[in-house]
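Subject: Structure handover and findings

Hello,

I am passing on the structure we talked about, with notes on its contents. Please load the file before reading further.

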Amino acid sequence: MARVFSGIQPSGEMHIGNWLGAIQNYVALQDGNDCLYCVVDQHAITGAYEVATLAERTREMAISLLAAGVDPSRAVLFVQSHVPEHATLAWLLATIAPLGELERMTQYKDKAQRFESVPTGLLTYPVLMAADILLYRAEAVPVGDDQVQHLELARELARRWNAAFSRESPFFPEPQPILSPAKRIMGLDGQSKMSKSLGNTIGVTEAPEAIWQKLRPAMTDPARKTKTDPGTPEICNIYALHRHFSPPETVEHVATQCRSAGWGCIDCKKVLATNMSERLAPIRDRSLELRGDPDTVRQVLGDGAATARRMAAETMVEVSNRMGFLVEGA
Ligand code: SF4
C-alpha cells in the first residue's frame with residue numbers, strides 16, 4: 001500500500017478530459033492505496049481569477065469527484081485552503097528551493113509571458129505543489145506528462161531538505177510519479193488539450209441535449225467537406241472520443257463508415273452523443289443528488305479537512321523540531 005496524493009484545480013464542474021485523464025485513475029487507486037485527494041484552491045489564485053465564483057467552483061469540483069467515484073470511506077477528500085499547513089510548509093521549502101530551477105520550469109516560462117509584472121506566486125507554484133505532497137509524506141503522485149517536471153522538483157526539495165535537516169534518517173520520501181496511461185484528451189476544437197480556460201470542454205454532468213449542442217459543431221477531419229468525401233478517422237477527435245465512450249464494435253463501424261463516406265459527420269456525432277450521455281449518466285445523476293444535499297458535501301469536506309489537518313500537524317511537529325524552531329510552550 002502506498003500513500004498517494006493528488007490535487008485538482010477548482011475549475012468548477014469536471015470535464016471529460018479531467019475524468020478520462022486523471023479521475024478514473026484516482027478512483028482505481030483507491031483500491032489498495034492510502035489516497036488523499038485535494039481541491040487545490042490556493043493554486044488557483046496565482047493569476048487573475050474570479051473571486052466571486054472561487055468557493056462555488058471549489059464545491060462543484062468536490063461534487064464532481066464524489067459523483068465520479070471518489071469514496072470518502074476509502075480516500076481523504078479535502079480543500080487545500082482548509083489545511084493552513086500547506087502554505088506554511090511551502091514557505092519553509094521556499095527557503096531551500098533553487099531560484100534557477102524554478103525559473104526553468106516550462107509552465108512558468110509559458111505562463112509568465114502573459115504577465116507584464118509576473119507574480120511571485122507563479123514562480124513558487126511548484127514549491128506549493130511540493131508542500132502539498134510532502135506534507136502527507138506521500139510516496140506516489142498520479143501525474144500527467146505536463147506535471148512531471150514539477151514532481152521532479154518536489155523530489156529535489158525532499159532530497160535537499162533531508163540533506164539539510166534530517167541527514168541521519170530521511171524524513172520525507174521522494175515521491176514517485178504514477179504516470180496515467182497516455183490519455184491526452186483534445187478539446188472540441190481538435191487543436192488543443194481539453195481545458196476549461198479554452199472553452200473547448202464537455203462537462204461530465206452535462207445533460208444529453210447540452211452534450212449534443214457541443215458535439216454538433218465540433219471539429220472533424222477537414223477533408224470531409226461534404227457527406228460524400230471520405231475521411232481519415234485517425235486524425236479526427238470525434239473518432240478519438242468514440243474510442244473512449246463507444247463499444248469496440250461501434251468504434252470499428254465508425255472507422256469503416258468514415259473511410260467509405262458511408263455516413264456524414266453529423267450521423268457519427270449523434271452516435272457519440274448517445275454513447276457519451278449514457279456513460280456519463282450515473283455521474284450526472286449522482287451530482288444532481290449531491291447538489292441537492294449540501295449537508296453531505298459539507299460533512300465530507302469537513303471530515304476530510306479534519307483528517308488532513310491531523311496528518312499535516314504531525315508532519316509539521318517533526319519539521320519544526322528538525323529545523324530548530326522553538327516549540328510553543330517549551
Ligand atoms: S465521420 Fe466521424 S470520424 Fe469521420 S471525420 Fe466525421 S466525425 Fe470524424
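This is a predicted model: local features need pLDDT of at least 70, side-chain atom pairs count only at pLDDT 80 or more; totals for chains, interfaces and linings use all residues.

Numbering starts from 1 along each chain as its sequence is written, and side-chain values use heavy atoms, with hydrogens and water left out.

Ligand site

The space that the ligand takes up is the largest cavity. A cavity here is a set of points, on a 1 Å grid over the protein atoms alone, where a 1.4 Å probe fits but cannot get out. A molecule sits in one if more than half of its atoms lie within 2 Å of its grid points.

Around the ligand are Thr220, Asp221, Arg224, Cys236, Ile238, Tyr239, Cys258, Trp263, Cys265 and Cys268 (a residue is near if one of its heavy atoms lies within 4 Å). Seven residues of this shell are nonpolar, one is polar and two are charged. The classes are: Ala, Val, Leu, Ile, Met, Phe, Trp, Tyr, Cys and Pro nonpolar; Asp, Glu, Lys and Arg charged; the others, Gly among them, polar. Helix H9 (237-245) and helix H11 (265-291) each supply at least two residues of the shell. Helices are DSSP runs (H or I, at least four residues), numbered from the N terminus.

Salt bridges

The count is 18 salt bridges, each being a side-chain nitrogen of Lys or Arg within 4 Å of a carboxyl oxygen of Asp or Glu.

One of them pairs Arg291 with Glu60, at 2.9 Å from N to O. This pair links distant parts of the chain, with Arg291 in helix H11 and Glu60 in helix H2 (residues 51-68), 231 residues apart. Arg291 counts as partly exposed because its relative accessibility is 35%, whereas Glu60, at 13%, counts as buried. The cut-offs are under 20% relative accessible area for buried, over 50% for exposed, and partly exposed in between (1.4 Å probe, protein chains only).

Two others lie within single helices. In helix H7 (residues 148-165), Glu152 and Arg155 are three residues apart, about one turn of the helix, and their side chains meet at 3.2 Å, N to O. Glu152 is partly exposed at 38%; Arg155 is buried at 15%. In the case of Asp295 and Arg298, the N to O distance is 2.7 Å. Both belong to helix H12 (residues 294-323) and are three residues apart, so about one helical turn separates them. Asp295 is exposed, with a relative accessible area of 51%, and Arg298 is exposed, also with 51%. Elsewhere, salt bridges with shared partners join Glu152, Arg155, Glu156, Arg159, Arg160 and Glu174 into one network.

Two threonines

Thr220, one of the residues around the ligand, is placed in the loop between helix H8 (208-215) and H9. Its relative accessibility of 17% makes Thr220 buried. Leaving out residues up to four places away in sequence, Thr220 touches Cys236, Ile238, Cys265 and Lys269 (contact means heavy atoms within 4.5 Å).

Thr250 is in helix H10 (residues 248-259) and counts as buried at 16% relative accessibility. With residues up to four places away in sequence not counted, Thr250 touches Val271 and Asn275.

Regards

How values were computed. On a 1 Å grid over the protein atoms alone, a cavity is a set of points where a 1.4 Å probe fits but cannot get out, and a pocket is an open set with protein on both sides within 12 Å along at least five of seven lines; lining residues have an atom within 4 Å of a point.
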